[in-house]
Amino acid sequence: MLIDSHCHIDGERFDEDRDEVVQRAKDAGVAMMLNIGTGDPHSDDFRRAVAVAERYENVYCSVGVHPHDAKLYDDKAEEHLIELVKSSKKVIAWGEIGLDFHYDHSPRDVQIEVFRRQIKTARELDLPIIIHSREANDETVEILQDECNYEEFRGGIMHCFGGTLDMVKQLVPLGFLISFAGNVTFKNADKLREVAEILQLNRMLVETDCPFLTPEPLRGRRNEPAFVVHTASFLAEYCEIELSAFADQTTQNFLNFFKLKLPAD
Ligand SMILES: [Zn+2]
Ligand SMILES: [Zn+2]
């Protein structure tokens with residue numbers, strides 16, 4: 001059993017075949033998926049993410065404004081997202097939030113302000129957070145150390161991890177899990193693989209971030225949750241662990257973190 005800790009199957013690239021995608025995941029041994037809501041918080045984008053989680057027993061979801069869209073965050077956006085959290089038991093996290101200094105779709109100072117604000121909101125709602133950090137690792141760690149260092153913090157997930165061992169060492173004590181996506185299978189990802197090899201298995205998750213980042217050997221195709229198996233088997237082999245043990249442990253990490261149980265069938 002595996003869990004895809006970060007996917008975007010509510011997006012329109014899955015409108016044609018979402019039922020089949022969810023079924024293929026199940027058939028491939030992916031027992032659960034966390035669908036990350038993204039988009040414009042003044043539109044129906046986040047309602048769509050929650051609707052997908054409501055539709056499938058083994059799909060959960062999160063809401064939170066991506067750093068790309070930080071400039072759209074305001075009181076009204078926040079009210080809308082809080083309402084969605086309260087509307088469904090399937091909303092189990094706030095995110096993805098963070099900093100993206102690669103694309104800079106929102107001004108950096110706005111990204112930082114909105115990131116801090118959303119961590120506080122998640123704290124008030126007693127929700128764990130999902131972090132997106134690209135080319136902003138130092139700033140991300142600084143903010144997390146500032147905002148997450150308190151007793152009742154529910155922890156977080158560093159999604160599509162692309163940082164260093166040093167970063168891991170600073171985040172794990174705060175209660176963060178580290179999630180690896182398909183890019184860990186790419187040729188140029190030696191540094192990332194070294195981090196995975198050293199990271200304790202009980203802090204690790206795997207994800208697809210689909211429809212993006214399709215793992216080898218399927219690179220070039222649309223990614224989907226079933227393909228998390230390729231990332232998991234690649235990492236298990238690299239770390240010299242049996243795939244079944246790797247799958248069991250990462251699944252257990254996810255279930256423990258969110259206090260969830262696998263669906264019965
Ligand atoms: Zn992301
Ligand atoms: Zn994502």
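## Helices on the sheet

Helix α2 (residues 45-55) lies across β2 (30-36), β3 (59-63) and β4 (91-100), at about 160° to β3. Helix α3 (residues 75-87) also packs on the sheet. Helix α3 touches β3 and β4, and its direction makes about 150° with that of β4. Axes here are lines fitted to C-alpha atoms, for helices over the stretch in contact, and angles run from 0 to 180 degrees between N-to-C directions. Helices (H or I, at least four residues) and strands (E, at least two) are DSSP runs, numbered from the N terminus.

This is a predicted model: local features need pLDDT of at least 70, side-chain atom pairs count only at pLDDT 80 or more, and totals for chains, interfaces and linings use all residues. Residues are numbered from 1 along each chain as its sequence is written, chains are lettered from A and ligands numbered from 1 in the order in which they are written, and side-chain values use heavy atoms, with hydrogens and water left out.

## The buried face of α2

Phe46, Ala49, Val50, Val52 and Ala53 of α2 are buried. Buried means under 20% relative accessible area, exposed over 50%, and partly exposed in between (1.4 Å probe, protein chains only). Down the axis of α2, the buried residues fall within an arc of 155°, so they line one face of the helix. The arc is that of the directions from the helix axis to the C-beta atoms.

The cover over these buried residues includes α1 (18-27), β2, β3, α3 and β4. Contact means heavy atoms within 4.5 Å.

## The sheet

The open sheet has 8 strands, in the order β1-β2-β3-β4-β5-β6-β7-β8, with parallel pairing. Its edge strands are β1 (2-7) and β8 (204-206), each pairing on one side only. On average, neighbouring strands are turned by 30° against each other, direction ignored. Two strands pair if DSSP finds at least two bridges between them.

Strand β5 (residues 129-134) shows the pairing in detail. β4 and β5 pair in the parallel sense over 5 bridges. Tryptophan 94 has isoleucine 129 of β5 as its bridge partner. On to β6 (residues 156-158), β5 runs parallel and is joined by 3 bridges. There, isoleucine 130 is partnered by isoleucine 157 in β6. Of the 6 residues of β5, 5 are buried, so the strand is largely enclosed by the rest of the structure.

## Helix α5 and the cores

In α5 (residues 137-147), the buried residues are Thr140, Val141, Ile143, Leu144 and Glu147. They cover an arc of only 165° around the axis, which puts them on the same side of α5. The face turned away from that buried side carries exposed Asp138, Glu142 and Asp146. Among the elements covering the buried residues are β4, α4 (108-125), β5, β6, α6 and β7 (176-180).

Leu144 also stands out in the largest nonpolar core, which has 66 residues. With Ile9, Trp94, Ile129, Phe176 and Phe180, Leu144 touches the most other members. A nonpolar core is a set of buried Ala, Val, Leu, Ile, Met, Phe, Trp, Tyr and Cys residues joined through side-chain atoms within 4.5 Å. Leaving aside neighbours within four places in sequence, leucine 144 is in contact with Phe115, Ile119, Ile129, Ile131, Asn149, Met158, Leu171, Leu174 and Phe176. A second, separate core of 16 residues includes Leu177, Phe254, Phe257 and Phe258.

## The β8-α8 loop

Threonine 214 sits in the loop between β8 and α8 (228-238). Threonine 214 is buried, at 5% relative accessible area. Leaving aside neighbours within four places in sequence, its contacts are Phe186, Arg219, Gly220, Arg221, Arg222, Asn223 and Phe227. The side chain of threonine 214 reaches the backbone nitrogen of asparagine 223 at 3.3 Å. The C-alpha atoms of threonine 214 and alanine 181 are separated by 8.4 Å, though the two are 33 residues apart along the chain.

Proline 211 is in the loop between β8 and α8 too. A cis peptide bond joins cysteine 210 to proline 211, with omega about 15°.

## Backbone exceptions

Most residues other than glycine have a negative phi, and most peptide bonds are trans. The bond from glycine 95 to glutamate 96 is cis, with omega near 10°. Glutamate 96 lies in strand β4.

Cysteine 160, not a glycine, has a positive phi of about 45°. Its place is the loop between β6 and α6 (165-171), and cysteine 160 is buried at 18% relative accessible area. Glutamate 240 has a positive phi of about 55°. Glutamate 240 is in the loop between α8 and α9 (243-258) and counts as exposed at 74% relative accessibility.

Key
A polar contact is a pair of N or O atoms within 3.5 Å; within protein, one must be able to donate a hydrogen and the other to accept it, and residues adjacent in sequence count only if both atoms are side-chain atoms.
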